[in-house]
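User: I have a structure open and would like to go through some parts of it. Can you help me read it?

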Amino acid sequence: MKAVVYTRYGPPGVLRLADVETPVPKDNEVLVKVHAVSLNASDWEVLRGKPLYARIGGPFRPRHHILGSDIAGRVETAGRHATLFRAGEEVFADILSYMGGFAEYVSVPETALARMPAGMTYEEAAALPQAGAIALQGIQEKGQVQPGQKVLINGAGGGTGMYAVQLAKLNGAEVTGVDNAEKLEFMRSLGADHVIDYSREDFTRSGRTYDLILDLAAHRPAFAYRGSLMPRGRYLYVGGSVPTLVQVLLIGPLIGRAEGKKIRLLAVRLGAQHLAPIVELCQAGKIATIIDRRYRLGEVPEALRYLGEGHAKGKVVITFD
Ligand SMILES: NC(=O)c1ccc[n+]([C@@H]2O[C@H](COP(=O)([O-])OP(=O)(O)OC[C@H]3O[C@@H](n4cnc5c(N)ncnc54)[C@H](OP(=O)(O)O)[C@@H]3O)[C@@H](O)[C@H]2O)c1
């Protein structure tokens, strides 16, 4: 089969399209023919081995030689003990723990897969798993956004932000989106009430406060967020720099405790099977999946560069014949 492989951390140039063995499913695995795979910031991070948490399991060389985690496709064959899916069924998944989606076929434990939602295209189903899980848990399950609350989403113009802004608006929040200048109009089109270009304004210095800050691009000292939270407000770190992560973990629980403020890591429970509430909203047409660009398998390096350099407004998807 064709796959996009790499053997050392680096820029998109270290990736190459190659012929590799088609995987043979183990007893508990299912072989999926990939029809669409979406890109996530996590692919960009694990490609480059930056931030350092992207090297977990592979400190010097990548643990997985084929990236790509949000897949949608069709079951080809199943291992001896894999009984949940039949050949031909349409499935989708976030296979971040296994990777391998930038290939014509991928073999994963059957428990990682879920049936593709009715009425969704392969592209839409591939766009949803990781970004949808972060948005759902960040805004609703852990963020607990209530009508009338003020929510700031840092990095709101990317894949996760696309779902998070829409979900926060559906929950009745007043939403501020922060991203680069290229994405201000896009964030407004998603429903953001206010937008901030991070290169011109530091939201932690504006004096404005929020009930929830969902941070998809955290690069500030953890203390910087305290002043931007209302009493009992929450800050959730999703991704960003390692120093910020370490501070959030070590001193986050102490910062602002007297005022009931919470500064925490959002450890996302990944898996397409946990997505039911957001899948329903997508099926009902209440949340839209915006696919900015589509690329072919051989164009994965170009697609990752587009995402990594901060141009993608919504999702970028690799499609197959
Ligand atoms: N916590 C968990 O369990 C978990 C699980 C999976 C993934 N993650 C993380 O979740 C994040 C998801 O991101 P995504 O897929 O939505 O990525 P994305 O599509 O690349 O969007 C991230 C956005 O943030 C913007 N950005 C970068 N630096 C910024 C800054 N200083 N201030 C404001 N915006 C900034 C980027 O634009 P520019 O580049 O132009 O600035 C981009 O528009 C990733 O960091 C990933 O590692 C966390």
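The chat below goes through the ligand, some salt bridges and a few single residues.

Analyst: Some ground rules to begin with. This is a predicted model, in which local features need pLDDT of at least 70 and side-chain atom pairs count only at pLDDT 80 or more, while totals for chains, interfaces and linings use all residues. Residues are numbered from 1 along each chain as its sequence is written, and side-chain values use heavy atoms, with hydrogens and water left out.

User: OK, ligand. Which residues come nearest to the ligand?

Analyst: Glu 45, Asp 179, Asn 180, Lys 183 and Tyr 198 come nearest, out of 24 residues around the ligand. A residue is counted as near a molecule or strand if one of its heavy atoms lies within 4 Å of it.

User: And how far is the polar side-chain atom of Asn 180 from an oxygen atom of the ligand?

Analyst: The distance is 2.3 Å.

User: How much of the ligand's accessible area does the protein cover?

Analyst: On its own the ligand has 940 Å² of accessible area, and the protein covers 84% of that. Such areas come from the Shrake-Rupley method with a 1.4 Å probe; for residues, only the protein chains shown count as cover.

User: Which elements give two or more residues to the shell around the ligand?

Analyst: Helix 1 (41-48), helix 3 (129-141) and helix 4 (159-170) do. Helices (H or I, at least four residues) and strands (E, at least two) are DSSP runs, numbered from the N terminus.

User: What are the buried residues of helix 1?

Analyst: They are Ser 42, Asp 43, Trp 44, Glu 45 and Leu 47. Buried means under 20% relative accessible area, exposed over 50%, and partly exposed in between (1.4 Å probe, protein chains only). The buried residues of helix 1 pack against strand 3 (29-38), helix 3 and helix 8. Just after helix 1, Gly 49 has a positive phi of about 70°.

User: New topic. How many salt bridges does the structure hold?

Analyst: There are 17. A salt bridge is a side-chain nitrogen of Lys or Arg within 4 Å of a carboxyl oxygen of Asp or Glu. One of them joins Glu 182 to Lys 313, with the closest N and O atoms 3.4 Å apart.

User: What does that pair tie together?

Analyst: Glu 182 sits in the loop between strand 9 (174-179) and helix 5 (184-190), and Lys 313 in the loop between helix 8 (300-308) and strand 15 (315-319), so the pair ties together parts that are 131 residues apart in sequence. Glu 182 is partly exposed at 39% relative accessible area, and Lys 313 is partly exposed at 23%.

User: What about Arg 200 and Asp 197, buried or exposed?

Analyst: Arg 200 is exposed because its relative accessible area is 73%, whereas Asp 197 is buried because its value is 9%. These two form a salt bridge, and their closest N and O atoms are 4.0 Å apart. There is also a network of salt bridges linking Asp 202, Arg 205 and Arg 220.

User: Single residues now. Where is Asn 154 found?

Analyst: Asn 154 is in strand 8 (residues 150-154). Its relative accessibility is 5%, so Asn 154 counts as buried.

User: What does the side chain of Asn 154 reach?

Analyst: The side chain of Asn 154 reaches the backbone oxygen of Ala 217 at 3.1 Å. Beyond its neighbours within four places in sequence, Asn 154 has contacts that include Val 178, Phe 203 and Arg 220. Contact means heavy atoms within 4.5 Å.

User: And Lys 261, buried or exposed?

Analyst: Lys 261 is buried, with a relative accessible area of 9%. Lys 261 lies in the loop between helix 6 (242-250) and strand 13 (262-265), and its side chain reaches the backbone oxygen of Arg 226 at 3.0 Å.

User: Last one. Where is the place of Leu 212?

Analyst: Leu 212 is in strand 11 (residues 210-215) and counts as buried, at 0% relative accessibility.

Note on methods. Polar contact = N/O pair within 3.5 Å; in protein donor to acceptor, adjacent residues only side chain to side chain.
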